[in-house]
Every structure is written in C-alpha cells, then in structure tokens.
Amino acid sequence: MFLRSVTLLREKIEQDNQYPFSIPTIQSMDVMKFTSNVTFFVGENGSGKSTLLEAIAYQCGFNTAGGGRNNNYNLEASGSALGDHIRLAWLPKITNGFFMRAESYYNFATHIDDVNAQSSYGGRSLHEQSHGESFLSLFVNRFSGKGIYLLDEPEAALSPSRQLAFLRVLYDLQDTSQFIIATHSPIILGFPDAQILSFDHSPICGIQYEETEHYQITRRFLENKKRYLNELFDDTEGE
C-alpha cells in the first residue's frame, strides 16, 4: 500500500453544521486507516463516500473532474469542499494514479479527444466505443505500473460480465497498485480479501462482504424473487 491513512483536520473546520461537514460520517470521522491494496467504500447515496473519495483525489493532485495530474480541463462544480480539510499519510508517497468519476466521464473522454491522447487509451476515441467498452479501455490501458487509483462507481456502465472483467484488472494490479473504490455493485464488492468500509452508520466502520446491504438485498431478491416482488407491490398498492 501507498496511502496508509486519511485524517480529518478538525481544527481547520469553521462551521461543522454546513456541507460537507454536516454529513454524519464526515462529522464523526477522525482517522481512517487502509489495511488492503483494494478498499471499497459502501453506503447509500448521500452517505459521504463519494465526497471523501473526491477529497482524497484532490489531495493526490488529481483533477477532481476526473483524470490524473496531467489532465488539465475544467468542469463546473467539480471542486472539493472537503479537500483542504484532510491529511494523507503515505509510505511511500506516490504521484502516479487516476481519479475516475462515472458522472463526469463524458467530459473526460472529450478532453482526451481535444488533446489527441487516444493512443494512451487503446488507440481509439473513448467516444467511439460503447460506454462499457470505453470504461474497460480506460482500466486496461491507463492503469499500469505503480499507482493509486480512485474510482467512483465504476460499475455505472459495466454489464455483469464486464464487472467480472474489471475484477480481473484489479487482480492483475493489486500487487503493485492501490485501489479505493466507491461502489454499489455486489459483484465488485466480492473481490477477495478487500477492505470494505461502510458509510451507512457513524462512525465509518469495516464490515464483511456478507454484512453489506448490497449483498443481502441482492441475495434475498434472487432467492425469493416472486415473494419479494409481491411484498413490494402489495405495500405500494396499500398506500
């Protein structure tokens, strides 16, 4: 591992009742320690996982709109309100890496076309590939050597089979690189020996794969689909 921990600098917070410091998980945060080369952030939307991931990207010097240190383009509302209020502990510090935001990926792909850097991404414009193909092209061609890779919901454009292909990318790089991934995917969360940090309750805590809501809901649905849907629709009709 390269990044060992993230510390919230409380002394720099002026108003802790304002976003993002009002988010319960951020409000209760002290020091977050990483224990694996692959770490997952899990939790409901709005729980703070993407906010913290973006702040880490900011401190790494990556473009918070998506990209690495050398991807210089602007995207409105892509800053990090938390970035100046955390400290990263490295051993050793590394500058190579990438921050992927699924929600702004289109803008990143346009930037790559604008600077004619398609050769670093498989030789084709990311816009000329399907959404899923371009995601995998990014992972396969851009993630190499020693680096830290921060991914916000990489499953957004990946079919189940492509999510499995993504797991192979993680497996091939886990010995030389570090990954911190915010995800809702029970398939991606199944990566062996990964650290899983839950943002569903304060403070943020480590949990096992089978304890995640993503796994539990998916398993219950697949094992009892008819009953699950009947209960869901019956409740809806009764409202």
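Where is Asp193 placed: in the loop between which two strands? Asp193 lies in the loop between β7 (177-182) and β8. The model described here is predicted.

## Background

Most residues other than glycine have a negative phi, and most peptide bonds are trans. The residues below depart from one or the other of these patterns.

Asp193 is not a glycine, yet has a positive phi of about 65 degrees. Its relative accessibility is 74%. Because exposed means over 50% relative accessible area, Asp193 counts as exposed.

Glu153, also not a glycine, has a positive phi of about 55 degrees. The loop that holds Glu153 runs between β6 (147-152) and α5 (160-173). With a relative accessibility of 24%, Glu153 counts as partly exposed, because this value falls between the cut-offs of under 20% for buried and over 50% for exposed.

The bond joining Tyr19 to Pro20 is a cis peptide bond, and its omega is near 5 degrees. Pro20 belongs to the loop between β1 (3-8) and α1 (24-27).

A cis peptide bond also leads from Ser202 to Pro203, with omega near -5 degrees. Pro203 sits in the loop between β8 (195-198) and β9 (205-206).

## Placement around β8

The loop between β7 and β8 contains Asp193, the residue with positive phi, and the loop between β8 and β9 contains Pro203, at the cis bond from Ser202.

Conventions
Residues are numbered from 1 along each chain as its sequence is written. This is a predicted model: local features need pLDDT of at least 70, side-chain atom pairs count only at pLDDT 80 or more; totals for chains, interfaces and linings use all residues. Side-chain values use heavy atoms; hydrogens and water are left out. Helices (H or I, at least four residues) and strands (E, at least two) are DSSP runs, numbered from the N terminus. Buried means under 20% relative accessible area, exposed over 50%, partly exposed in between (1.4 Å probe, protein chains only).
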